[in-house]
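Please read the following alongside the sequence and the structure.

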Amino acid sequence: MIGKLKGVVDSLYEDHLILDVHGVGYVIACSSRTLQKLPGPGEAAVLAIETQVREDSIRLFGFLSDGERDWFRLLQNVQGVGSKVALAILSILPPSELTSAISLQDKAAISRAPGVGPKLAARIVAELKDKAGDFGAVSPQAAALAGDSLPGENSAAAEATSALINLGYARPQAAAAIAASLRALGEDAETSALIRRGLRELAQ
């Protein structure tokens, strides 16, 4: 089984790349988010690999981190989620945001992925909520902001979270970004400063 590949990017496509490893070109399927972060053709890249062996095929799936690969595996434990849907979810939610979405039971964030309807999104968050903690804890601030409140009635944080949601970010994404901004800037930070910092957090 292949667990990792290190080589040179030969070519990039909509849903996969060809990685040249010592003259052998491996076809590796990836999420769109992973493909966007890979270097261009001719440059070196390292990918964590998941190998799926079927009766009629062997497929390779590539990830920038072991955490992303772990989520790919875990998502497919849910009935109705195959490799295509798992990659679609990881295309819109990186591992940290997926952890938050499932921990906070945010079905709307999951259902933004192509091929994921409301029923499947509900099944995903219900079946994986007890396992999301293995991928990192959601901060109390993020949990509170995701629930429209914050200990201490920090209105600036609530307003900043609302602003990011209005810009199109899912509530768990916005809540996690503003919670991180509060930790960096302090509880007395103004709304505008939190928004700017939050956007920087989301761009990382």
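**A walk through the model**

Helix α3 is mostly covered, with nine of its ten residues buried. Those buried residues are Ser 83, Val 85, Ala 86, Leu 87, Ala 88, Ile 89, Leu 90, Ser 91 and Ile 92. The model that shows this is a predicted one. In the protein chain as a whole there are ten helices and five strands, and buried residues make up 43% of its 204 residues. Among the contacts between residues at least 6 apart in sequence, 53% join residues at least 24 apart.

In soluble globular proteins, nonpolar side chains tend to be buried together. Here the largest nonpolar core has 31 residues, and those with the most contacts inside it are Leu 75, Ile 89, Leu 98, Ile 110, Val 116 and Ile 124. Two or more residues each come from the strand β5 (58-63) and from the helices α2 (66-75), α3 (83-92), α4 (95-103), α5 (107-110) and α6 (118-128). The element that gives the most to this core is α3, with seven residues. Another core lies apart from it; this one has 13 residues, including Val 9, Leu 19, Ala 45 and Leu 47.

Which residues does Leu 75 contact, leaving aside its neighbours within four places in sequence? They are Val 81, Ala 86, Ile 89, Leu 90, Leu 98, Ile 124 and Leu 128. Of these, Ile 124 lies in helix α6. Is Ile 124 buried or exposed? Its relative accessible area is 0%, under the 20% cut-off, so Ile 124 is buried. Not counting residues up to four places away in sequence, Ile 124 touches Leu 75, Val 78, Val 81, Ile 89, Ile 102, Ile 110 and Val 116. Ile 124 and Lys 107 are 17 residues apart along the chain, and their C-alpha atoms are separated by 8.2 Å.

Helix α6 is also the place of Leu 120. Leu 120 has a relative accessibility of 11% and therefore counts as buried. With residues up to four places away in sequence left out, Leu 120 touches Val 78, Gln 79, Gly 80, Val 81, Val 85 and Gly 115. One of these, Val 81, is 39 residues from Leu 120 in sequence, while the two C-alpha atoms are 8.2 Å apart in space.

The next topic is how helices pack. Two packed helices are described by the angle between their axes and the distance between the axes. For α2 and α4 the angle is about 40 degrees and the axes are 9 Å apart. Because of that angle, α2 is oblique to α4. On the α2 side the contact is made by Gly 67, Glu 68, Trp 71 and Leu 75, and on the α4 side by Pro 95, Leu 98, Thr 99 and Ile 102. Sorted by class, these are five nonpolar, two polar and one charged residues.

The crossing of α8 and α10 is right-handed. Helix α8 brings Ala 156, Ala 157, Glu 159, Ala 160, Ala 163 and Leu 164 to the contact, and helix α10 brings Thr 191, Leu 194, Ile 195, Gly 198, Leu 199 and Leu 202. By class, the contact of α8 with α10 has nine nonpolar, two polar and one charged residues.

Two exposed residues remain to be described. Lys 6 is found in strand β1 (residues 4-12). Its relative accessible area is 62%, so Lys 6 is exposed. Lys 6 touches Leu 19, Val 21, Ala 45 and Val 46, when residues up to four places away in sequence are not counted. Lys 6 and Ala 44 are 38 residues apart in sequence, but C-alpha to C-alpha they are 7.4 Å apart in space.

Where is His 22 found? His 22 sits in the loop between β2 (16-21) and β3 (24-29). Because its relative accessible area is 81%, His 22 is exposed. Although His 22 is not a glycine, it has a positive phi of about 55 degrees.

Methods: Residues are numbered from 1 along each chain as its sequence is written. This is a predicted model: local features need pLDDT of at least 70, side-chain atom pairs count only at pLDDT 80 or more; totals for chains, interfaces and linings use all residues. Side-chain values use heavy atoms; hydrogens and water are left out. A nonpolar core is a set of buried Ala, Val, Leu, Ile, Met, Phe, Trp, Tyr and Cys residues joined through side-chain atoms within 4.5 Å. Buried means under 20% relative accessible area, exposed over 50%, partly exposed in between (1.4 Å probe, protein chains only). Helices (H or I, at least four residues) and strands (E, at least two) are DSSP runs, numbered from the N terminus. Contact means heavy atoms within 4.5 Å. A crossing is left-handed if the near helix is turned anticlockwise from the far one by less than a right angle, and right-handed if clockwise. Ala, Val, Leu, Ile, Met, Phe, Trp, Tyr, Cys and Pro count as nonpolar, Asp, Glu, Lys and Arg as charged, and the others, Gly among them, as polar. Axes are lines fitted to C-alpha atoms, for helices over the stretch in contact, and angles run from 0 to 180 degrees between N-to-C directions. Angles under 35 degrees count as roughly parallel, over 145 as roughly antiparallel, 65 to 115 as roughly perpendicular and the rest as oblique.
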